[in-house]
Amino acid sequence: RWFGTVLRVQKRYSELNGNYLASSVTLSSFLSLFPLLLFAIAVLGFVAADTPNLGQDVVRELGLEGDAARAITTAIETARDSRRAASIIGVVGLLWSGLGLVAAFQYAINAVWQVTGRGWKDKLQGLMWLAGATLLFLTSFATSTVIRWLPGFLAPLTTLAGLSVNFALWLWTFKILATRQVGWKALVPGAVVGALGFEVLKAVGAFYVPKMVASSSQLYGTLG
């Protein structure tokens, strides 16, 4: 029975040209990173003002060296010095233009349901989604911090907490970003699969990304 479900999902994925939908999400995600990074740097300026060693901490945690490390340190120092120029209007404008990632998710989800978007209402829904996702991530960070203080035999709780946050994130995504509204129950299977896949990516990324960043920074410098 479960294998039949897998086959039906694969058939539906092919009917909807799922590879092209995934490509559009990937491209939009990449393009939206730039205004979102500017937004993050604007916020970072206010944080760095109260945290003198923030640049060194970031470089150490990412394992950066050479030009890449200097670029990150310089960016944080510049953000701190120009934080007053990052007005409310400027920050909101950057955030609004960076919602291409959310728009790509909305397009993919609506394509599955074969419905159209809602224009500017989608932007407002995107902001609502972003607020909820931020709250979930903050909850995840707080939970992970608390778990670190617990005895070692309770370490599996970190994975369980991660899966719970992932599940809530995907459930929130499917519910808020879709134009077609269905019950929560119909969204649970996709949220479970998404949560498991996301946790696997995080586990692989914990080993692969630091090596990739170090190699790219040495080969391509700041661009890497």
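In which helix does Phe-34 lie? In this predicted model, Phe-34 belongs to helix H2, which covers residues 18–49. With a relative accessibility of 47%, Phe-34 counts as partly exposed, and together with Leu-27, Phe-30, Leu-31, Leu-33 and Leu-37 it makes a nonpolar surface patch of about 620 Å².

The secondary structure of the protein comprises nine helices and zero strands, and the order of elements from the N terminus is accordingly written α-α-α-α-α-α-α-α-α. The C-alpha trace extends over about 55 × 50 × 35 Å along its principal axes. When contacts between residues at least 6 apart in sequence are considered, 74% of them join residues at least 24 apart.

Three aromatic pairs are present in the structure. In one of them, the ring centres of Phe-105 and Trp-170 are 6.3 Å apart and the ring planes stand at 75°, so the arrangement is edge-to-face. Since Phe-105 is part of helix H6 (residues 100–113) and Trp-170 is part of helix H8 (residues 156–177), this pair ties together parts of the protein that are 65 residues apart in sequence. Ring pairs also bring in Phe-174, so that Phe-105, Trp-170 and Phe-174 are linked into a cluster. A further aromatic residue, Trp-184, has Lys-175 over the face of its ring, at 5.1 Å from the ring centre.

Helix H6 also contains Asn-110, a residue that is buried, with a relative accessible area of 4%. Apart from its neighbours within four places in sequence, Asn-110 is in contact with Val-115, Thr-116 and Gly-117, and also with Leu-177, Ala-178, Thr-179 and Arg-180.

Gln-114, located in the loop between H6 and helix H7 (120–148), has a positive phi of about 55° although it is not a glycine, and its relative accessible area of 60% places Gln-114 among the exposed residues. Asn-17, located in the loop between helix H1 (2–15) and H2, likewise shows a positive phi, near 55°, but Asn-17 is partly exposed, at a relative accessible area of 44%.

Side chains of opposite charge can pair when their charged atoms come close, and the structure holds three salt bridges. In helix H1, Arg-12 and Glu-15 are three residues apart, about one turn of the helix, and their side chains meet at 3.6 Å, N to O; Arg-12 is partly exposed at 34% relative accessible area, as is Glu-15 at 49%. A salt bridge of 3.2 Å, N to O, joins the side chains of Arg-60 and Asp-57, which are separated by about one helical turn because they lie three residues apart in helix H3 (residues 54–62). Here Arg-60 is exposed, with a relative accessible area of 54%, whereas Asp-57 is partly exposed, at 28%. The side chains of Lys-202 and Glu-199 form a salt bridge of 3.2 Å, N to O, and both residues lie in helix H9 (residues 184–220), three residues apart. Lys-202 is partly exposed, with a relative accessible area of 37%, whereas Glu-199, at 17% relative accessibility, counts as buried, because burial is assigned under 20%.

Methods:
Residues are numbered from 1 along each chain as its sequence is written. This is a predicted model: local features need pLDDT of at least 70, side-chain atom pairs count only at pLDDT 80 or more; totals for chains, interfaces and linings use all residues. Side-chain values use heavy atoms; hydrogens and water are left out. Rings of Phe, Tyr and Trp (its six-membered ring) pair if their centres lie within 6.5 Å; planes under 30 degrees apart count as stacked, over 60 as edge-to-face and the rest as tilted. Helices (H or I, at least four residues) and strands (E, at least two) are DSSP runs, numbered from the N terminus. A charge sits over a ring if NZ of Lys or CZ of Arg is within 6 Å of the ring centre and within 35 degrees of the ring normal. Buried means under 20% relative accessible area, exposed over 50%, partly exposed in between (1.4 Å probe, protein chains only). Contact means heavy atoms within 4.5 Å. Patches are made of residues with over 30% relative accessible area and no salt bridge: like charges are joined within 9 Å, nonpolar side chains (Val, Leu, Ile, Met, Phe, Trp, Tyr) within 5 Å. Accessible areas come from the Shrake-Rupley method with a 1.4 Å probe; for residues, only the protein chains shown count as cover. A salt bridge is a side-chain nitrogen of Lys or Arg within 4 Å of a carboxyl oxygen of Asp or Glu.
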